[in-house]
Amino acid sequence: MRLLPYLTLIFFVGETYASFGDFAIPRSESTVVVRAFNVGNVTLKNSTHAFVSPVLPGHESIDFPMHAFLVEHTATQKRLMFDLGMRKDPLDFVPSIAAMFASGSFILNETKDITELLQDGGIPLRSIDTVIWSHSHFDHIGDMSKFPNTTGLVIGPGTDTATFPESPTASLQASDLAGHHVTELDFTTASLTFSGLKAIDFFGDGSFYLLNTPGHLPGHITALARVTPTSFVALGGDAFHHVGEARPRPEFQKNFPCPAHLLQETKTSISTDFFWSPKSREGAFDMHSRAQQLFAVSDLPDSFYADPVTSQVSLEKLATFDADPDIFVVIAHDLSLVSSLPYFPASLNNWKASQLKKNTVWNFVDKTNPAFTFNPTNATS
Ligand SMILES: [Zn+2]
């Protein structure tokens, strides 16, 4: 019975790589290739409080990269975009948003929009079958008028498709939708649920799922892309804006122990006036015993989370992915990753073998990382 040791080996290999199975994600050999773009950077002056709590002195303004993702279905070569970042001329937005840029409250640093980045990279716009918006905020919808009418648009359930000027308070304008076949997802008949998130199998082969993650804005969705049979990239949109809203948590601490040098550094770099954990002492923060994420979703009246309570629940569900060794979560505005993410033309597919997640998940508490905002500074905002 020489077969037995081999069978045992296969069994154990299967188990070792099966933690995604905890979410009841069906097994599949079908994959997609995911390539990330950072379309540009937007600064929102005096706006951090509308995203996260607490806001420490000196960190009142917030800097956002804008991630957009090119997803290619390996079996059919079909291409889609998940989010587009922002249009290049912010004065082309509806008046309420254009005014924020005109006044200097929002500052845009974007030399090329996603359509230019794609074409520069040899990706013709006519090859993009579908654009998926995580939600309809200005920094995700790009400029759909630059895509040919053959490019379809997929939006989440309840997305407000009213357009300016017919609807004076609308944030979309006619050119955001005109000429494109628009599909509004319906999760009520979805038979899959991963960690409490209703899922639609986009290509029907387990390679790319769209997930219902409401809260930030009606119709907010995320994606779960299978990049190898047993590893995934979750495209988190604006389910959260700073990874400190999802980290750390007990499972995350267990699967991704904080590197020793950061455990040491954060003793003094993280302010104990604003953050605490069971083994912290006045003036000495202890990360190891911190079981709760460092930031909460803003629930102030001017929060950018339309429904903060629902947002927090969607975030908690996604955070279980974030703690999982088989799923790499990339949110649209993750500033902590900008210096480490392999951007287009590289793909993210090799993230697990290259230990990208393990090597970057604690970036946000490294005081040299731009996402580090855990100590008051004298920086002017
Ligand atoms: Zn956004």
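Start by selecting methionine 81 and valine 131: methionine 81 stands opposite valine 131, which belongs to β6. Before you go further, keep in mind that you are looking at a predicted model.

**Stop 1: the strands around β6**

Now show the strands on either side of that pair. β4 and β6 run parallel to each other, paired over four bridges. How many of the five residues of β6 are buried? Four of them are, so β6 is largely enclosed by the rest of the structure.

**Stop 2: the zinc ion**

Next, click on the zinc ion. Which protein atoms hold on to it as donors? Select Asp139 (OD), His140 (NE2), Asp238 (OD) and His333 (NE2), and you have them, at 2.1 to 2.2 Å from the zinc ion. Try the angle tool here: the angles among the four donor atoms go from 81 to 163 degrees, and the site counts as irregular.

Along the chain, the donors of the zinc ion are spaced as D-H-x97-D-x94-H. Histidine 140 sits in the loop between β6 (128-132) and β7 (152-155), while histidine 333 sits in the loop between β17 (327-330) and α7 (356-360), so this pair ties together parts that are 193 residues apart in sequence.

**Stop 3: the nonpolar core**

Hide the surface and select Leu118, Trp133, Leu224, Phe240, Phe321 and Trp362. In the largest nonpolar core, which has 80 residues, these touch the most other members. β3 gives the most to this core, with five residues. Apart from this core lies another one of 28 residues, including Ile200, Ala223, Val233 and Leu235.

Go back to phenylalanine 240 and show what surrounds it. Leaving out neighbours within four places in sequence, phenylalanine 240 is in contact with Glu245, Ala246, Tyr305, Leu315, Leu318, Val329 and Ile331.

**Stop 4: two cis prolines**

Time for some backbone spotting. Zoom in on serine 53 and proline 54: the peptide bond between them is cis, with omega near 0 degrees. Proline 54 is in the loop between β2 (52-53) and β3 (62-73). Then jump to phenylalanine 164 and proline 165, which are joined by a cis peptide bond with omega of about 5 degrees. You'll find proline 165 in the loop between β8 (163-164) and β9 (172-173).

**Stop 5: two positive phi angles**

Last, select alanine 24, in the loop between α1 (3-16) and β1 (32-44). Alanine 24 is not a glycine, yet its phi is positive, at about 60 degrees. Aspartate 83 is not a glycine either, and has a positive phi of about 70 degrees. Look for aspartate 83 in the loop between β4 (79-82) and α2 (95-102).

Is alanine 24 buried or exposed? Alanine 24 is exposed, because its relative accessible area of 51% is over the 50% cut-off. Aspartate 83 counts as buried, because its relative accessible area of 2% is under the 20% cut-off.

Notes
Residues numbered from 1 in each chain as written. Predicted model: local features only at pLDDT ≥ 70, side-chain atom pairs only at ≥ 80, totals over all residues. Heavy atoms only, no water. Buried < 20%, exposed > 50% of the residue type's maximum accessible area, 1.4 Å probe, protein only. Donors = N, O, S within 2.8 Å, 3.2 Å for Na, K, Ca; no water. Tetrahedral: all angles 85-135°; square planar, octahedral: opposite > 155°, others 65-115°. Pairing = 2+ DSSP bridges. Core = buried A, V, L, I, M, F, W, Y, C linked by side-chain atoms within 4.5 Å. Contact = heavy atoms within 4.5 Å.
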